[in-house]
Amino acid sequence: MKKTLSMLLCVLLIAVAAVASAELPRYLDLKVGEDYTDIKADLMILNHRTDLADTKYPEYIAAFTSLYPNVTIKFDTITTYADDALTRLTGGNWGDIMMIPALDKDELPTYFIPFGTKEEMMEVYNFADQWVWDDLTYGVPSTGNAQGIVYNKKVFEQAGVTELPKTPDEFIAALQAIKDNTDAIPLYTNYAAGWTMGAWDAYIGASCNGTGDFSNRIMPHQKNPFSDRGDGTGPYAMYKVLYDAAALHLIEDDYTTTDWEGCKGMINQGKIGCMVLGSWAYPQMVAAGPNGDDIGYMSFPITVNGKQYASAGADYSFGINKNSSEDDQIAAMLFVKWFTEESGFAYSEGGIPIDKKGEYPAVYAAFEGIEFIPDTPAVEGEETLLNDMNAETELRFNAGGDAKIQEIIEHGFNGTKTFDEIMDDWNERWSDAQDYLDVRVDE
């Protein structure tokens, strides 16, 4: 009996060891439509694109499952994704694939499997360094975005604006011309939606500084990074565009009642001059009515040493659950690879293709001569520094800091605070956080 128990225990230990030592296939080696065509899996994908739930997503499911008929896919789409995704992640109730929310990068191995080393992934994909920890890439972007302004070309023409503005002063003058000469709302803020306010943070990098080093390497160490440089560049100049537009009432008459879904048709119909949103918004505005040809996309109006730049980077990135079954993980890898390389999603959504061999859509025609620059990752040892500063200051740049942008509109429109008072407060918070976290401060 003891001998039998010993043998059974030995067999069990060998089986456990075999499972523990099993390795997933190398992501970059997978051939979609050729490998694992008989695999069985049930995938749930937690995502934010409510506008695609009943349109594009069923098409993508049909196309992928025609290659993998034993895989079922369900998209769990959340309207308030930025607010709820992290709660779902930490609670464990999110499925097999998700768009990675704002979390500290040292937490990536807790929740996700790696796709490969940063170096090998960067050779094939744009922005594959967005979610990296210990030199491993844990997220593959669904698409890339350039940061600019979606606008109605006909409204600008009717206002007498014949050249795209390249400085904050030129942009405010263009908005004033729209107010004076048309019936359109010059700048639609989308204040009420909340999450749309976070779009402004995306311009804090190359768009207003001309370098990708600013967000992760310069700003955390800079003394008073939100001060006026006096040359129309930097975060001060960028956020002041919004304050000035609100102060001059070049925005909605009642910004508290904006309508995100409704604004798409409004700009298509010429009722809105422009909106500050990433390039992902362009195809939605084009498709929102019969006047798609009137929709254009331009760079943010800041010029650095005579040249314009556009911040560019990953949209939400796919992460695969480390606790899913092996078959589900393999099927998830195949889906992510198909989606980024073969679905055409980035092109149809006006995005920068993730596959470096991909074709750029027509939305970027107005960016000729404008350099796309992604944010440079933080230096080794400072991977969580910006997040730490965000948490301590509660400013949350590119991490759900919608409220601070809404306050710019409120104070500008109502005249309750000057812009310099707002920036002085941000600088004070930043300095206090640097002291508390013992961060090196560069003059």
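Strands β5 and β6 (residues 136-137) run antiparallel to each other, joined over two bridges; strands here are DSSP runs of E, at least two residues long, numbered from the N terminus, and two of them pair if DSSP finds at least two bridges between them. Look at Val132: its bridge partner in β6 is Thr137. This is a predicted model, where local features need pLDDT of at least 70 and side-chain atom pairs count only at pLDDT 80 or more, while totals for chains, interfaces and linings use all residues. Residues are numbered from 1 along each chain as its sequence is written, and side-chain values use heavy atoms, with hydrogens and water left out.

Now zoom out a bit. The open sheet has three strands in the order β4-β6-β5, paired antiparallel. β4 (116-117) and β5 (132-133) are the edge strands, each pairing on one side only.

Val132 turns up again at the second largest pocket, being one of the residues closest to its centre, along with Lys118, Ala378, Glu380 and Glu383. A pocket is an open set of points on a 1 Å grid over the protein atoms alone, with protein on both sides within 12 Å along at least five of seven lines; lining residues have an atom within 4 Å of a point. This pocket's volume is about 280 Å³, meaning the space filled by probe spheres set on the points, which are joined across faces, edges and corners. Its lining has eight charged, five nonpolar and no polar residues; Asp, Glu, Lys and Arg count as charged, Ala, Val, Leu, Ile, Met, Phe, Trp, Tyr, Cys and Pro as nonpolar, and the others, Gly among them, as polar.

Note on methods:
Helix = DSSP H or I, 4+ residues; strand = E, 2+ residues; numbered from the N terminus. 1 Å grid on protein atoms, 1.4 Å probe; cavity = no way out; pocket = protein on both sides within 12 Å on 5 of 7 lines; lining within 4 Å.
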